[in-house]
Amino acid sequence: MSMSFTIEAEKRDEQGSSASRRLRRAGKLPAILYGADKDAEAITLDHNAMVHNLKEDAFYSHILSVKLDGKTEKAILRDVQRHPFKPTIYHVDLMRVSANQPIRVSVPLHFHNEEEAKGVKLGGGMVSRMINELEVECLPGDLPESIDLDVIEMDVGDTLHISELELPEGVQSVALMHGEEYDYAVVSVLLPRAAKTEEEEVEEGEAAETEGGEEAAGGEEAAGDESESEDKE
């Protein structure tokens, strides 16, 4: 189900560290709204409401509705400054978006059927994620909530790259826009290290047996040659 987020904002006249501290003590959060060829505006948000929103993964990749002075503007979350260890937010940056201007946003990847993957269920492997989100470029109206990956057909040793993802129409990977050398791995199915070690031991044992057999065969051939020489003498 599609989610939507609405943020109530007020204009902020006082600026500076002292003013910001007073706002935080009053349960308010200093923020800035900028972009879309308009002047940046210092605004104030409700701190607790923002903390609640930030618990939702979708909040980071959604187009947000910012209500300010009786008008609603569309924006995306650009930056969050937090206290190093307290559940306190210091400042938020919101960037306005225009319907006809492309934006770049990191979209979460949703992995499906990890436990049912062929390499996991039949091969004893495990799914290893390299990335959990992908930066994309698109128009605001084309921004997906997430990108879904079904790994059920992946076998042990298989790796899925960015170029193999099924992106919605109008959505591009920012990494691939820089060239094919940026076609990074997204997810792989690998054998656990312990299982790998056991396989290596078996392979080494088989190799040793083969070498031993070849040496024995070589010794028998050499002995046979010596016998032939003695018979000729």
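First, the ground rules. Residues are numbered from 1 along each chain as its sequence is written, and side-chain values use heavy atoms, with hydrogens and water left out. Since this is a prediction, local features need pLDDT of at least 70 and side-chain atom pairs count only at pLDDT 80 or more, while totals for chains, interfaces and linings use all residues.

Start with the chain. It has five helices and 13 strands; these are DSSP runs numbered from the N terminus, helices being H or I of at least four residues and strands E of at least two. Of its 233 residues, 33% are buried. Buried here means under 20% relative accessible area, exposed means over 50%, and partly exposed is in between, with a 1.4 Å probe and protein chains only. The chain exposes about 14,800 Å², and carbon and sulfur atoms supply 46% of that; the areas come from the Shrake-Rupley method with a 1.4 Å probe, and for residues only the protein chains shown count as cover. As for contacts (heavy atoms within 4.5 Å), take those between residues at least 6 apart in sequence: 68% of them join residues at least 24 apart.

Now the inside. In soluble globular proteins, nonpolar side chains tend to be buried together. By nonpolar core I mean a set of buried Ala, Val, Leu, Ile, Met, Phe, Trp, Tyr and Cys residues joined through side-chain atoms within 4.5 Å. The largest one holds 26 residues, and Leu149, Val186 and Val187 touch the most other members. Two or more residues each come from strands S7 (103–112), S9 (133–138), S10 (147–150) and S13 (185–190). S7 gives the most, five residues. Leu149 touches Leu109, His110, Phe111, His112, Leu160, Leu165, Val186 and Val187, leaving out residues up to four places away in sequence. Another core, apart from this one, has 21 residues, including Ile43, Leu45, Val66 and Val80.

Next, the largest pocket. A pocket is an open set of points on a 1 Å grid over the protein atoms alone, where a 1.4 Å probe fits, with protein on both sides within 12 Å along at least five of seven lines; lining residues have an atom within 4 Å of a point. Its lining has 14 residues, with Tyr60, Ser61, Leu77, Val105 and Ser106 nearest the centre. Strand S5 (71–82) supplies the largest share, five residues.

Where does Asp158 sit? Asp158 is in the loop between S10 and strand S11 (159–161), and it is partly exposed, at 32% relative accessible area. Beyond its neighbours within four places in sequence, Asp158 is in contact with Glu153, Val187, Ser188 and Val189.

Leu190 lies in S13 and is partly exposed too, at 36% relative accessibility. The C-alpha atoms of Leu190 and Asp158 are separated by 7.8 Å, although the two are 32 residues apart along the chain. Again leaving aside neighbours within four places, Leu190 is in contact with Gly125, Met126 and Ser128.

Is Ser65 buried or exposed? Ser65, in strand S4 (residues 64–68), is buried, with a relative accessible area of 13%.
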